[in-house]
Amino acid sequence: RQRQMCIRDRPTRGRIQILDGLLKLKKGQKEDAFLNFIKVENANYSQDITDLASFYAAIVQLMRGEVEWAQAKLRVLKASTSRLISNDALSTFLLIADIYDEDSSLIFLIPLILFENYRQIIDTLKEQKVIGPVEEFFLGYACYKEGLFSEAMHYLQQSMNYPDLPYNDISLYLTATILFKENKYEECEEKLFELIKKYPGSIYAQKAKEILEKLRENKTKKT
């Protein structure tokens, strides 16, 4: 009976170790946090729990500048079916990993996004003397998360003036979402179709199809 109790408690133990790692990470104790995550990753927990630990371990690696390792781990996780890690989270941190080689000054964004300190992201980026397309995207992203939709639209539109940037699919999706929230359904539809046409392989193309389905349902109800 005691053994059965122990087995039932294992998932809880794994989650507690992950939470403990996150607390350590928030305090700046990267190495201790990393050890926590690796222990859970290598333990015999369920796939969801080991994937979550692997995700946080990858973020610590990214914070330590081990970009290739972090990229590899995050891409493996993106193909996983784990439900504890959202595609949005994976895409965001993969994006940071992808641009890190070009601009390591953005390393400060990692803990801010991880702990959802979007107001601090906005304040910090606005203080910079030069704001390039990457900063414009993250300003738009943070403003969106804070519900500052007018500002978000401005920065996202600015960042999309650079067609070769790797996150224009996210910008289009966020723009369409704002238009949907503002009941601007025709404009929203245009952005969604643009997203599906330009980035058919993006996870945001699938999300766009889901919003289009909602729009169709709304039209059906009205008629």
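Let's start with the pocket: the largest one is lined by 20 residues, and Tyr56, Ala89, Ile113, Leu114 and Glu116 lie nearest its centre. A pocket here is an open set of points on a 1 Å grid over the protein atoms alone, where a 1.4 Å probe fits, with protein on both sides within 12 Å along at least five of seven lines; lining residues have an atom within 4 Å of a point. Before I go on, this is a predicted model, with local features needing pLDDT of at least 70, side-chain atom pairs counting only at pLDDT 80 or more, and totals for chains, interfaces and linings using all residues. Residues are numbered from 1 along each chain as its sequence is written, and side-chain values use heavy atoms, leaving out hydrogens and water.

Who builds that lining? At least two residues each come from H1 (2-26), H3 (47-63), H5 (87-100), H6 (109-114) and H8 (133-145), with H5 giving the largest share, 4 residues. Helices are DSSP runs of H or I, at least four residues, and strands are runs of E, at least two, numbered from the N terminus.

Now to H7, residues 118-127: which of its residues are buried, meaning under 20% relative accessible area with a 1.4 Å probe and protein chains only? They are Tyr118, Ile121, Ile122 and Leu125. These four cover an arc of only 100° around the axis, taken from the directions to the C-beta atoms, so they sit on the same side of H7. Their cover includes H6 and H8.

Stepping back, the chain has 12 helices and 0 strands, and buried residues make up 44% of its 223 residues. Thanks, everyone!

Technical notes: Buried means under 20% relative accessible area, exposed over 50%, partly exposed in between (1.4 Å probe, protein chains only). Contact means heavy atoms within 4.5 Å.
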